[in-house]
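Hello,

Here is the structure you were going to look at. My notes on cavities and on one surface patch follow below it.

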Amino acid sequence: MLPIDFGGQRWSLLITSQPAFEARLNDAEARMLAVAGTTISLLLAILIWAMGASRQRMALALAETDRVNRELAASEESLRALFETVPIGITYHRADGGLVRANPAAERILGAGQEALKHYPMSDPAWACIREDGSPVGLEGMPGYQALVRHEIVQDAVLGIVSPFTGRRIWLRVIAMPVETRANGTLAYSLIEDITDKKRAEAELDKYRRSLEILVAERTRQLESANRDLDAQRAEAEDLFNHAPVGYHSLDAGGKFVRVNDTELGWLGYAREEMIGRSIADFFTESSRLAFSARFPRFKETGHLHGMEFDMVRKDGSLLPVVIDATVVRDAQGNYLASRSTVFDNTERKERQRQIDVLNANLAKRAEEAEAANRAKSTFLANMSHELRTPMNGIMGMTQILEFDVKDPDQLHKLRIIGQSSRHLLGIINDVLD
């Protein structure tokens, strides 16, 4: 018994022999028939088995095909849903710009339904396509047309269009590529994005940027002008500092020169690099050095020094008497930073003081001489007053006595003349002595 699966059923093949057939098994013909029958039976069995296996494989192939078709249908449904719901516009165009298909996002962006869009190919002047620089774009400049002609992807093309349906200018960013379709051949597959708001924002940003650039340019101009004025003021201040009729210098916390003007350098005969970094005490006489060492610590505490006289030593060894006024510069915490000093040349004042002292000495001498002369004059006048008035008083007294004794008119007249003349002369002597 031989089992055989066929047509979805399991079959059993039973082969038996008749007695007459068995009796003839010893004959050669019978043996041949037996061999032939057996062979034919085997071939028939193999054929039946092969047919069963082929049908089984066919059933499996049909089942696989059905599964693939279901998956393709599901994939197509997903792609259709994606095409219908994606927020980016998708269009298929022919080379002449005619629309073949558009998704709802593209219809919303372009302002009309798919059927209406098919009546307005992108080559239609109603779209008024322009580039970002405002130049017009014909069919040859369309991203879809270029993708089909070049057989390559056109990336991030920006177009401005006027929708024939809404009359509104919109800006699109387009990616286009060629695709092969069974029904329509090679089409331009385009992804479009409405960037009108973004362009408007960019335009506003450009306007603000331009305004900002103008403002920055104006502020830069003002700053440059202020810097020029500041440089001029700094140069003027530097000129005033260096060519002032008085000396200026700054000292650090150790009393070393930080800065010194040309006037003071000229007075002392030193170059600037010979003084910067050195202590001011190095340029004093010994007595002035001691006075400075005693006053400088106190000066850093009080912050003020006024009318302090020092003797500085010039490079040639001669002395320069000076008067120094100084103030302390402190930081926000009150710490000593430096000092600012004004140096006055005291040479002329010293010379004038010397001359005044000489004059005073001369005046004192002359005053003493004048006093001696005055004392001599007083003594002389006292002597003269006594020597002159005594005789005159005698003459006047005797004349008056004679006037009483003389009776002769002529003599009396003469005596009176003598008396009058004596009194007049005494008045003159009194005036002279006074």
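The largest cavity holds about 210 Å³ of space. Please keep in mind that this is a predicted model. In total, three cavities of 30 Å³ or more were counted.

For the largest cavity, 18 residues make up the lining, and H93, M122, M142, G144 and S190 are the ones nearest its centre. Two or more lining residues come from each of β3 (89-93), α5 (143-150), β6 (169-181) and β7 (185-194). By type, the lining of the largest cavity has twelve nonpolar residues, five polar and one charged.

The second largest cavity has a volume of about 110 Å³. Its lining consists of H249, L251, I280, F292, R295, F296, F299, L305, F310, I324, A326 and S341. The elements that supply two or more of the residues lining the second largest cavity are β8 (247-251), α9 (286-302), β10 (304-313) and β11 (319-330). Of these, α9 contributes the most, with four residues. Nine of the residues lining the second largest cavity are nonpolar, two are polar and one is charged.

On the surface, there is a nonpolar patch formed by L212, L215 and V216, which together have about 250 Å² of accessible area. V216 sits in helix α6 (residues 196-243). Is V216 buried, partly exposed or exposed? Its relative accessibility is 43%, so V216 counts as partly exposed, since that class lies between under 20% for buried and over 50% for exposed.

Regards

Technical notes:
Residues numbered from 1 in each chain as written. Predicted model: local features only at pLDDT ≥ 70, side-chain atom pairs only at ≥ 80, totals over all residues. Heavy atoms only, no water. Patch = residues over 30% accessible without salt bridge, like charges linked within 9 Å, V, L, I, M, F, W, Y side chains within 5 Å. Areas by Shrake-Rupley, 256 points an atom, 1.4 Å probe, with all protein chains shown as cover. Salt bridge = Lys/Arg side-chain N within 4 Å of Asp/Glu carboxyl O. Buried < 20%, exposed > 50% of the residue type's maximum accessible area, 1.4 Å probe, protein only. 1 Å grid on protein atoms, 1.4 Å probe; cavity = no way out; pocket = protein on both sides within 12 Å on 5 of 7 lines; lining within 4 Å. Points joined across faces, edges and corners; volume = space filled by probe spheres on them. Nonpolar A, V, L, I, M, F, W, Y, C, P; charged D, E, K, R; others polar.
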